[in-house]
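The sequence and the structure are shown first, and the description follows.

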Amino acid sequence: MNNEKIQIPENVSIKVIDGVDTGNDFAITNKTMTIGRQDVCNIQLMDRYVSNKHCQIVFRKDHFTAIDLGSLNKTKVNDRVYVQKNLKNNDILTLGKTKLKFCWEEQDLTSIDESDDILGDDKSEEDAIPDSDIPLDENGTDL
């Protein structure tokens, strides 16, 4: 068994470029970063169309992969729905109604193997629905 500590590259981040949390910038500092609404997530978003635990960003040897966690409104990368997608610098992730930009300027693009990517079922943004565990009043507004 290999007990070496995995070295996460420096200067890798997720920037919120559109949505409720616009302007937030999150450093990727762990091998696995969970994104969602729950406060236990490494990256917590306030968008009610984002699932409690929506997706993960995972460092795999020499690249990062976005993995959908069975979210209600799916995870899109560059406007395509994926279950799993190897990320490149400046890729745009859409979670609910929030757009995130993956930033890793020093990335070695020769390490990206798109044969690992797994497409999901496409769902338009108009079909997005709020996650059902958010309490709403009789008008459908968050409580």
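**Overall make-up**

The structure is a predicted model. Its average pLDDT is 84, and 72% of the residues score at least 70. Over residues 139-143 the pLDDT is below 50, although this stretch has 10 contacts in the model beyond near neighbours in sequence.

The protein holds 0 helices and 11 strands, and its pattern along the sequence is β-β-β-β-β-β-β-β-β-β-β. Of its 143 residues, 42% count as buried. The accessible surface comes to about 8,200 Å², with 45% of that area belonging to carbon and sulfur atoms. Among contacts with a separation of 6 or more, 47% are accounted for by residues 24 or more positions apart.

In soluble globular proteins, nonpolar side chains tend to be buried together. Here the largest nonpolar core has 24 residues, and those touching the most other members are Leu-45, Phe-64 and Leu-93. At least two residues of this core come from each of strand 1, strand 3 (32-36), strand 5 (55-60), strand 6 (63-68), strand 9 (92-95) and strand 10 (98-103). Strand 5 gives the most, with 3 residues.

Phe-64 is found in strand 6. This residue is buried, with a relative accessible area of 0%. Leaving aside residues up to four places away in sequence, Phe-64 touches Ile-8, Pro-9, Val-12, Ile-28, Ile-57, Val-58, Phe-59, Lys-85, Asn-86, Leu-87, Phe-102 and Trp-104. Phe-64 and Asn-89 are 25 residues apart in sequence, and their C-alpha atoms are 10.0 Å apart in space.

With the same exclusion of residues up to four places away, Leu-93 touches Ile-57, Ala-66, Lys-76, Val-77, Leu-87, Thr-98, Lys-99, Leu-100 and Phe-102.

**Cysteines**

How many disulfides does the structure hold? The count is 0. For Cys-55, the closest cysteine sulfur is that of Cys-41, and the distance of 9.2 Å is too far for a bond. Cys-55 is buried, with a relative accessible area of 0%. Cys-103 is also buried, at 11%.

**The salt bridge**

The structure has 1 salt bridge. It joins Asp-25 and Lys-15, whose closest N and O atoms are 3.5 Å apart. Asp-25 lies in strand 2 (residues 25-27) and Lys-15 in strand 1 (residues 13-18), so the pair ties together parts that are 10 residues apart in sequence.

| Residue | Relative accessible area | Class |
|---|---|---|
| Cys-103 | 11% | buried |
| Cys-55 | 0% | buried |
| Phe-64 | 0% | buried |

Definitions and conventions:
Residues numbered from 1 in each chain as written. Predicted model: local features only at pLDDT ≥ 70, side-chain atom pairs only at ≥ 80, totals over all residues. Heavy atoms only, no water. Salt bridge = Lys/Arg side-chain N within 4 Å of Asp/Glu carboxyl O. Helix = DSSP H or I, 4+ residues; strand = E, 2+ residues; numbered from the N terminus. Core = buried A, V, L, I, M, F, W, Y, C linked by side-chain atoms within 4.5 Å. Buried < 20%, exposed > 50% of the residue type's maximum accessible area, 1.4 Å probe, protein only. Contact = heavy atoms within 4.5 Å. Disulfide = S-S within 2.5 Å. Areas by Shrake-Rupley, 256 points an atom, 1.4 Å probe, with all protein chains shown as cover. pLDDT = per-residue confidence, 0-100.
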